[in-house]
Amino acid sequence: MLHLRSVTKRYGSLVALDDVSLDIARGEFFGLLGPNGAGKSTLMSLVAGLRAPDSGTLTLDGAPLTAANAASRTSLGLVPQHIALYPELTAPENLRIFGALYGLRGGDLRARIDAALEAVQLADRRRDAVKTFSGGMQRRLNLVAALLHRPKLLLCDEPTVGVDPQSRLAIFEYLEALNRDGLTIIYSTHYMEEATRLCSRIGIIDHGRLHALGTLDELLAQLPFEEEIRFPATPATAALAADLPVHGELATADAIHRFRPRPDFKLSAFFGAAESHALPGRLFTSQRPTLEALFLHLTGRTLRE
Amino acid sequence: MRSILVLLRKDFTNFLRNKAAVSLTFLIPFVMIWLFGIIFGVNKKDSGPNGIPLAVVNASDNPAAQKLVDALKTEKSFRVITEFVSPDKSRRPLTEADLRPLMQAPDAPFRFALVIPPDLVRTKDFGLHLKIFSNPRNEIETQTVNGILQKTIFTNVPQLLGESLQASAKDYLGSPAFKQFNGTIAGAVADAFGGDKEKIQQRIEAGDFGLGRVIGPAKPADPSLRRLDNNPTPAPAGSAQSTSASAAPAPAASNAAADTLARIVRLETVQVVGANVKSPAATSIVGGWAIQFLLFALSASATSLFRERDAGLFQRLLASPVTRAQILWSKFLYGVCLGIIQLMVLFFAGRVLFGIEIERHVGLLLIVCTFAASACTSFGMLLAAIAPNAEAAQGLATFLIMMMSSLGGAWFPITLMPVFIQQFSKLTLVYWSMEGFSSVLWAGQSFLQILPILGILAGITAVVMSIAIWRFNRGRIFE
Ligand SMILES: Nc1ncnc2c1ncn2[C@@H]1O[C@H](COP(=O)(O)OP(=O)(O)OP(=O)(O)O)[C@@H](O)[C@H]1O
Ligand SMILES: [Mg+2]
């Protein structure tokens, strides 16, 4: 659906995006994971047609994405990183403006506004100015404001910043429902948990470079598996324990197996083996390898750095 | 176009929600207009007028008339014009017939004229006959010019009054009886106070009653003219001010004398333009304050571009099928609409407060308001285009608006300013907007007559908007 080919974007001498190539398929929930200043928003703005790349091409359904291509913009929805709403106006007034700019009007627009406010639990605050909303409520409105015209591709730039866990969960569920209904989503975040929970595929970006790209498992598979895994020494686990010594060190004490894998043994392989012996995941405790660890491994720095 | 209307509506809704903006646009200028209407003419902060062009036509062969002209020439408040310069650069003395066409011209070389008619000293009744022609831009100007004229006349021509007294007495008594009357008076004076009877009689016949020494400089009773007395600048040489020091009359006495003089000297004033306008001064008060606050309101609205940018709203707007140009034009259109509404509302308030007659000129007033609002809007857009952020834009706006308003004549008539500063007035859109208002409301000019002013306002708009758009396209406002 969306194709980026060797896209480079500079601000003066600063290279915000460096030779990024990326393909997003229809129906994907794609996560863009990277720390502050990685280039996530820049990538979003290029896709949204707000900026032009210095080199490379972007196409949506075969049509080039440029600032002049107004037609492609109606199939895009952008949730800006900032809360981009008119604070003096009410939620319906805000939505009316954004809907009208996409050519919606009349009863259709009203119906969509009502549905959108219901969907993010703001219907009972429809008479209040947006500036009186809590941060989480503003975030939710910021999100639905990009959806009134029913885009095919939704660009969510860190849509949950400053949102309490409950609101966050509401947003997640809403996005997951939209995705199930066929909406393609690009979701940028610097939270591991969000990318892990939501995204079918993840790109890890830092300093404008796409360091890794794949499903969660594919990404974790790239991480050398150096941690120690513990599991109880029971008859059920005996078969697994028997397989492990070829892949690393296995020590057993106090009815606990402690396994230290060799660097080339992947986490996914371990869990694959556990599954083949019908062992549930809760038996195993470890410092589970995370995207955090992967990021550290790939870039040599932590995400919050 | 629909997008522009959506954005326009958005700006208006935002405006109406913002109480501070609404009161800045409507309430505060209304209060200012109202206040200035009340204190008008009293609260002048200027340092005294300078070089107001004054045409003088002297049709009298009385030597005292020439003395009056010379006195006016030394008066620093006036720049006396006595010659008519025809297009081929030849010169001849001005005549009364020259005055009207010259004063009614759009670029009138002078707005006030004094005519000394052949019958300066009247014989039928006691007093002097002078004619003042005026095409004033406002009441302060009229009062000021009249005041200074009166001062100059009263302090310089007591002799003329004596002459007038003599002439009317002669007319009444007949020449021989009159001579005898003068002789009797002179004898009585010589007997009572001493002195030579012959000399006294000569002086009486020449009209010299020593009036100048008794009265001293005129202290006009009109409170609006009192300022002139406080004027620290030294009186021109040859005025009666120097003699007043020796006489040192009590203020009350001199006021009474001035009152008497005011009754004796008949100043016939002819207002060349706008003679039947009810509240002429109100036009410039309303126009001036309205424009000034419109500028404030519009620069505030233009700097809201920064707020919209910082909030990421432009990203949202530009991600939808809206172009940068549409955003800018919607802002422009918004400014113009707001400006028209504000100006018309305030002129209507001027109608209620001061009886400005807007009904007869609604169409033309609307046109002038449109052009003035466009110029003001482009100014706001330029600020937003050149300033790096909202704070800088607001600071710059405040400075520039105060300067343009004072220079352009929104606070007090520009004729009260030094001539060299007056040259800068014409560089301000405030000046041209106010010219437009007074042309329509005051002078009752036609569309064709105000075309040059509209052209200038449109020119200002075009130039300023071009610079603004060029800067917008190069700047970061949309990034
Ligand atoms: N308008 C701009 N002008 C100059 N430099 C910019 C601009 N926008 C972004 N940058 C720079 O480009 C780099 C990438 O910025 P970008 O906003 O894309 O990062 P991000 O991944 O969205 O970060 P964050 O998580 O903080 O939102 C940063 O170094 C940033 O300073
Ligand atoms: Mg960002």
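Mentor: In chain B, strand β1 (residues 52–58), helix α3 (residues 63–74) and strand β2 (residues 78–81) make up a β-α-β unit that is right-handed, a term for a path from first strand over helix to second that runs clockwise with the strands pointing away from the viewer. The helices (H or I, at least four residues) and strands (E, at least two) are DSSP runs numbered from the N terminus. This is a predicted model, in which local features need pLDDT of at least 70 and side-chain atom pairs count only at pLDDT 80 or more, whereas totals for chains, interfaces and linings use all residues. Residues are numbered from 1 along each chain as its sequence is written, chains are lettered from A and ligands numbered from 1 in the order in which they are written, and side-chain values use heavy atoms, without hydrogens or water.

Within this unit, β1(B) runs parallel to β2(B) and is joined to it by 4 bridges, where DSSP must find at least two for strands to count as paired. β1(B) is mostly covered, since 6 of its 7 residues are buried (under 20% relative accessible area with a 1.4 Å probe and protein chains only; exposed is over 50%, partly exposed in between).

Turning to the salt bridges (a side-chain nitrogen of Lys or Arg within 4 Å of a carboxyl oxygen of Asp or Glu), the structure holds 22 of them over all chains. In chain B, the side chains of B:R91 and B:E83 form one with an N to O distance of 2.9 Å; B:R91 is exposed at 56% relative accessible area, while B:E83, at 37%, is partly exposed. Elsewhere in that chain, B:K10, B:D11, B:E308 and B:K331 belong to one network, joined by salt bridges that share partners.

In chain A, A:R209 and A:D18 meet through their side chains in a salt bridge of 2.9 Å, N to O. Because A:R209 lies in strand β10 (residues 209–214) and A:D18 in strand β2 (residues 14–24) of chain A, this pair ties together parts that are 191 residues apart in sequence. Both ends count as partly exposed, A:R209 at 41% relative accessibility and A:D18 with a relative accessible area of 26%.
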